[in-house]
Amino acid sequence: MNNGVAIALSSIGIAQALKIPIHYFKHKEWKPDLFFATGGMPSSHSAGVSSLSTYVALKRGVPTIDFALSVVFGMIVMYDAQGIRRQTGELTLKVNDLDELIDKIHEHDTVEYEEKAPEPLKEVLGHKPAEVLAGAAVGIFLGVLGYQLSKK
């Protein structure tokens, strides 16, 4: 197997797993389903691309096209994770609040009206900048660790 792929995928899984204890320490609530959730601390997107870039830098060198590709790809992914996806999450919060407001208005309606209740939209899609940076730090650490382990 390609070591870079294995390290990046492992980093994503480890970052996802870290979300559970971090959430527990912050909120005193055990939520194992966070392993499969988007958003949150740390960003698994950032961890994956940072570990790949770190591994490529150590394995192939910084002046290579491999490293350049992984860095540019990583920057786009991290920008998207905290930019566009975060804004989508913020918009979703507003839509869900509007849906609750409409429900409250209809509570006083005397006309029989049956509406199928849609599932609320997922509100945590993207990352705050600190979550992206934490994911990048996790990824760099795991990229170095993966490189060291692959040398043996």
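At what angle do H2 and helix H3 (residues 65-82) pack, and how far apart are their axes? This is a predicted model, in which local features need pLDDT of at least 70 and side-chain atom pairs count only at pLDDT 80 or more, while totals for chains, interfaces and linings use all residues. Residues are numbered from 1 along each chain as its sequence is written, and side-chain values use heavy atoms, with hydrogens and water left out.

**View 1. Packing of H2 against H3.** The two helices (DSSP runs of H or I, at least four residues) pack at an angle of about 165°, with their axes, lines fitted to C-alpha atoms over the stretch in contact, 9 Å apart. H2 is therefore roughly antiparallel to H3 (an angle over 145 degrees). The contact (heavy atoms within 4.5 Å) includes Val49, Ser53 and Val56 of H2 and Phe67, Val71 and Met78 of H3.

**View 2. The aromatic pair of Tyr55 and Tyr147.** These rings (paired if their centres lie within 6.5 Å) are edge-to-face (planes over 60 degrees apart), at 6.2 Å centre to centre and 65° between the planes. The pair links distant parts of the chain, with Tyr55 in helix H2 (residues 44-60) and Tyr147 in helix H5 (residues 129-151), 92 residues apart. Tyr55 is buried (under 20% relative accessible area) at 6%, and Tyr147 is buried at 16%.

**View 3. The aromatic pair of Phe35 and Phe36.** This edge-to-face pair has 5.0 Å centre to centre and 85° between the planes.

Note on methods:
Rings of Phe, Tyr and Trp (its six-membered ring) pair if their centres lie within 6.5 Å; planes under 30 degrees apart count as stacked, over 60 as edge-to-face and the rest as tilted. Buried means under 20% relative accessible area, exposed over 50%, partly exposed in between (1.4 Å probe, protein chains only). Axes are lines fitted to C-alpha atoms, for helices over the stretch in contact, and angles run from 0 to 180 degrees between N-to-C directions. Angles under 35 degrees count as roughly parallel, over 145 as roughly antiparallel, 65 to 115 as roughly perpendicular and the rest as oblique.
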